[in-house]
Amino acid sequence: MPLEAKTGSGREVEGLLIPSLLLLAFLPSPPADGGFIVPSSSLLLKMTVDKDNQTRDLEAASLAVGLLLLSMPLLPRLKLNGSFPRLLKLILATPISEYWMLDMGKFVAASVLLFIFAVLHSFESICCIKYETGAGLVEDKLNVHLVLHTHDDVGWLKTVDQYYVGSNITIQNACVENVLDSAVEALRCDPNRKFVYAEQVGTLINKFWAMFVPLFKLHQKYGIVYHFMFMSGFLPEVVGNARQGNTSRSEKIGGRSAVRIRVQFLTPAFSVSVDNEAENLVVMFHSSSLWFYSNGGWSMHDEATCHYIDMIDQTTLGHRFIKDQFNKTPRAGWQIDSFGHSALQAYLLGAELGFDSVHFARIDYQDRHKRKNHKSLETVWRGSKTFGRSSQYCFHLDLSLIFSNAFPVHYGPPDKFHFEVSDQRSVPVQDNPLLNDYNVKERVNDFVNAAMVQANVTRTNHIMWTMGGDFEYQYAESWFRQMDKLIHYVNKDGQVNALYSTPSIYTDAKHAANGSWPLKSDDYFPYADAEHSYWTGFFSSRPAFKRYVRALSGYYLAVRQLEHLSGTKSAGPNTFRLGEALGIAQHHDAVTGTAKQHTTDDYMERLAAGASEAEAVAGSALSCLLDTNSKSQCDVSTNFSQCQLLNISYCPATEEEIPRGKSLVVVAYNPLGWNRTDVIRIPLLKKCLNCLVFKMIVLLSTSESKFGQVDNGDLVVQDSLGGMVEAQYIDMDNMTTNLRNFYLKAYLGISSDKVPKYWLCFEVSLPALGWNTYFVSVRTGEEGIKRTHQSVVDVRQRQTVDIGPGNLKMAFSSSGQLMRMFNLKNGVDLPIQQNFLCYSSSMFDDGQASGAYVFRPTGHTLVMNCTAPMVVVRGPIVDEIHQQFDSWIYQVTRLYKYREHAEVEFTVGPIPVDYVGKEVITRMKTNMFTNREFYTDSNGRDFLKRIRNKREDWELSVNEPVAGNYYPINLGIYVNDSTYELSVLVDRATGGSSIKDGEIELMLHRRLASDDNKGVEEILSEEVCVKDKCEGLRVRGNYYMGFHKLGGGAQWRRITGQEIYSPLLLAFTHENSEKWKASRSTMATSMDSNYSLPLNVALITLQELEDKTVLLRLAHLYEAGEDAEYSKLAKVELKKMFYGKEIKEMNEMSLSANQKKSEMRPRLEWRVEGDHKAAKHERMPLRGGPVNGSTLVVELAPMEIRTFLLKF
């Protein structure tokens, strides 16, 4: 009811004024430290008068005025426009005496509404209490760089998408969408805040960004205005639509009527409007002062099990995404969770990207201890001896040097400084003196003490604190609020200086200190985090998945070439899906084999989906390239089949009956830049009859040989010119047949009564970056009667045997043991043995078990002996030795007529596990004296010298003599003495070593009985099931053995290594051979027919991008001094390489093609300890010169990779 003022009744007025004045008195002004403490509701006072009705009214009036007063501190932060702010002004302008004449109910209601409005509309101010957070560097103090970051694995315990949306929380409570939402929200509160994002830039930032891009493009095209809230669970609501006649909220933008769309959220958030300055939409991602991209790849790749081409590809994918969407170029490497660090990462995936620094956490525990004592955690890292020199000067920049920062502990904060909202270790800064547990001084002291401890192991007056961890910042304000307080109070204390920072700011500060730094060479492998915990098992974990990744990587390289050469990029399927899946697969918990099984299955499904689409691209591209009839649009109707499961003899196209009057057409594409010969093996259901040859049968009991006439095939192979090609039949072995039957049921759900009985082998020749066509036909008449041969099978039990149709020979003992290899051409003769062995895996009873990450053998090895007689297969193209070791190891050794190496195919599994895991190796043993030295590759690039039981940088305490000497292998491993070199190349990432002089061993398969307690919480014991029948995984693969005179092995390793990575791409169909020749190009090259790349240069990228520019990347294959003939400057003639095309524009780019080489920011120069001015005249590393615009000749120096964008 109305409250009337009565003359002489001053107590009523006093009853309203007194609580109001008291509220003002109790309402504190903003303290000197910049915070604001909202008074509690207990401070709302009231005056009691005699009459009950007046008491109620005065209580209401007191509450109303109190709410008004509580709203006052919020008012300066409101935008005072619109009807409600006008009401606010009216209320505040009304003299307090006039309120006596108002209806008290309306007055109270208005006051409550005003208070709610003030709170909600100052959400940003309430969530972000204002502290002094803008501190910069202070020259005469210890500067603590607070680098806020989250580490969001691209799959590990959960799949990529499960991590993104936050599902499957029974495994892990992690949601990347929440991280991104809340981090962006928190950053808007204060422009001084900074945040680093490295992991999942391509995968999850891409998902997050994808929902905004379509609307952003609509704004640009139609002038539509949006309000966005960066929170999940949004519901779009059209507030006004001029087109529908609702003009109540239509607006004019740039002279046009526009639709205003509001995206509403279920929870309070902030909004970002996109108006004529469209950049507001992406203020966080575009801002150079808030959101920082470190690394910037599609994932944070592993450094042990990735090939350098794959590392470049996935980094390029991420960097170009960031450049295209946000116009940013990362400056720092952030490999914080890779399990050891490669030399190639330092100089190629660091310096060549334009990075000034690389930051990481995982180095050997002994190495870390030594570096702390010597203040050498931070170094200048020279990853390449080819590009390196002994010193550096400001006018002689060593391009391989990069600043490296190994964290003192891990990539999390110091103790007591974790602030994840659910973290039990969290000790927040409580700075409200009206609440209990006020602890500002205590927390400041904790901060200063922790900073001083780290300063004692770090050079200069700058230290970095990595404030974050795995999937943290799901409620980012819990971190940022504490950082605000710490920066404010620590700087107010004055002992040290705290600031928001980034890896780049930190690196610049270190550089500005102008100190000298210890030099680091080679790499950080192997990595151990405890005395018996060597993380060398993951080098070989999940070997089948590792092979799948490597095989599809080579396939991806070839299909991108075809996509460009055919001009089919613009329509239909493309290779992006495969590229994205491969980018994810390079993640440090993917190709490593250290994710849970269901996550690994998800990786493989993504790869399979990408491969399926890429197969369609390859088929249509080949159809287009081979078509000679179409003038305007090429014919893509040819139904090509490709056989991804040839290794287990599954290829439907070759197993079909050849229709009458047609041939099996085999098109082989060569993705290498030089001419090539190879041997194709295709499965056949049967041979036809006619021609006679001899088959030798050896009786097992008497070794008596009988010769008889047998059926030989009447299939003939012709080349593109109609000439007969020598071919050889080989009987299908039972192991391959069993593999095929079981795995087709398991993976494809198919079974067939008809299985291939033979391999048909024939040699092919292909031009550089080109194709050739071969026809398999039923022979008519006498043609080709001596060109197709049945292999001779020789079963030996108690006799020695030599094999080899060419210069290279192998001798085996009567027990099946390899005895020697010799080459009739160069006279090399090397005694050698080869065995399969099993390491027994340690269990937790021994303190540390072998697991997905850790390799820890007990020391006991079991030698696997032959359990059946050797089967010898001889023929004009290839000789083979088939050997069975126990019931679950099968090996085929092949020597080809025109090859200078042995190809060894192994099939291992199911590994029997009886409470103890087994880790299977192959070991080659010679009498070479190798002085404890051996060489392994760095991601398929440089070869690094390894010395058994030794580290170059520190004194090693040998606790694990086997696991501690294992190194990652992606290309190969070799040993040498004063006379010979023995090299072994691999077809996938694996681990290997030389445990004794003259020996090489490779790990082929692992099946374990316990987890190693390193986080995955799952035993590495892969199984494959058909209905209810499950068995351990069988693995099939190849390795390649070559031996040469000292200094002669480099050419074989480099050329054969490229052939292994980039096998022929085969496509099959059926057609009449004459009709095919009349309408198709049967053999051609995309280059000048008289030109090929030099044999020391590899074409590692040829890809047409979305804007029709072409990405070209060329790599010199040799190190300086590696080979007398090929370790020198090479030249590539682009006019001949792109014969018939005009290059209209050419720009040399950074390695990841995200910036022009000429526009790259000058790299920081670092001083190395021990520099001497006298060294400044030493010879600089060789580099290719600028490309002449008229000749278009590209020079490449040893180990140099050059990247270009071309327009035709």
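Predicted model: local features only at pLDDT ≥ 70, side-chain atom pairs only at ≥ 80, totals over all residues.
## The chain as a whole

The protein chain has 1208 residues, of which 60% count as buried, and its secondary structure includes 24 helices and 59 strands. Its accessible surface comes to about 47700 Å², and carbon and sulfur atoms account for 52% of that area.

Contacts can also be sorted by how far apart the partners lie in the sequence. When contacts between residues at least 6 apart in sequence are considered, 76% of them join residues at least 24 apart.

## Helix H7

Helix H7 runs over residues 176-188, and its 13 residues reach 19 Å from the first C-alpha to the last, which is close to the 18 Å expected at 1.5 Å a residue.

Is this helix mostly covered or mostly uncovered? H7 is mostly covered, since 11 of its 13 residues are buried. Among the buried residues of H7 are Val176, Val179, Leu180 and Leu187, and charged residues such as Glu177, Asp181 and Glu185 are buried there too.

## Helix H14 and its neighbours

Helix H14 has 16 residues and spans 22 Å between its first and last C-alpha atoms, close to the 22 Å expected at 1.5 Å a residue. Its buried residues include Val440, Val444, Phe447 and Val448, together with Arg443 and Asp446. Several elements contribute to covering the buried residues of H14, including strand S1 (143-150), strand S14 (462-467), helix H15 and strand S15 (497-500).

How do H14 (residues 440-455) and H15 (residues 477-493) pack, and at what angle? Their axes are 10 Å apart and meet at an angle of about 80 degrees. Because angles of 65 to 115 degrees count as roughly perpendicular, H14 is roughly perpendicular to H15. On the H14 side, Val440, Val444, Phe447 and Val448 take part in the contact, and they meet Leu486, Tyr489, Val490 and Asp493 of H15. The residues of this contact divide into seven nonpolar, no polar and one charged.

## Asp719 in its loop

Asp719 lies in the loop that connects strand S24 (715-718) with strand S25 (724-725). Leaving aside residues up to four places away in sequence, Asp719 touches Val725, Thr773, Tyr774, Phe775 and Lys1077. Asp719 and Val776 are 57 residues apart in sequence, yet their C-alpha atoms are 9.1 Å apart in space.

Technical notes: Residues numbered from 1 in each chain as written. Heavy atoms only, no water. Axes fitted to C-alpha atoms, helices over the stretch in contact; angles between N-to-C directions. Helix = DSSP H or I, 4+ residues; strand = E, 2+ residues; numbered from the N terminus. Parallel < 35°, antiparallel > 145°, perpendicular 65-115°, else oblique. Contact = heavy atoms within 4.5 Å. Expected span 1.5 Å × (residues − 1). Buried < 20%, exposed > 50% of the residue type's maximum accessible area, 1.4 Å probe, protein only. Areas by Shrake-Rupley, 256 points an atom, 1.4 Å probe, with all protein chains shown as cover.
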